[in-house]
Amino acid sequence: MLVTVKTLNGRKFQVEIDASDSVLELKKRIERLEENAPIPSQKLVFKGKILSDDSSVGSAGVSNGDFVVLMVSRVWRVPCRWYYVALS
């Protein structure tokens, strides 16, 4: 089936996937197509619900021609500072 993926930036693209494939497999295909969308940062939303990685696309209710929204969270890096304490 053909599923449309919409990003929060307004970009749209289509992904071919089987209903029996997992949501994780869909995320892998999206990662190949979408720049700056690593799998751990992806959240897929369908009809207001976040899809879990272990469920299948079909069991989540996604069918041919539907669209899912791709939300990508940014990875915040905290600067690491080392403090040395002199022990006397």
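The secondary structure of this chain comes to one helix and five strands; helices (H or I, at least four residues) and strands (E, at least two) are DSSP runs, numbered from the N terminus. Along the sequence, the pattern reads β-β-α-β-β-β.

Please note that this is a predicted model, in which local features need pLDDT of at least 70 and side-chain atom pairs count only at pLDDT 80 or more, while totals for chains, interfaces and linings use all residues. Residues are numbered from 1 along each chain as its sequence is written, and side-chain values use heavy atoms, with hydrogens and water left out.

Of the 88 residues in the chain, 31% are buried, meaning under 20% relative accessible area with a 1.4 Å probe, protein chains only.

Which residues of helix α1 are buried? In this helix, residues 23-33, they are Val23, Leu26, Lys27 and Ile30. Seen down the axis of α1, these buried residues fall within an arc of 100°, so they line one face of the helix; the arc is that of the directions from the helix axis to the C-beta atoms. The cover over the buried residues of α1 includes β1 (2-7), β2 (12-16), β3 (42-46) and β5 (67-72).

Turning to contacts (heavy atoms within 4.5 Å), residues 24 or more positions apart account for 50% of those with a separation of 6 or more.

Finally, Lys6 lies over the face of Phe67, at 3.9 Å from the ring centre. The criterion is NZ of Lys or CZ of Arg within 6 Å of the ring centre and within 35 degrees of the ring normal.

Definitions and conventions: Buried < 20%, exposed > 50% of the residue type's maximum accessible area, 1.4 Å probe, protein only.
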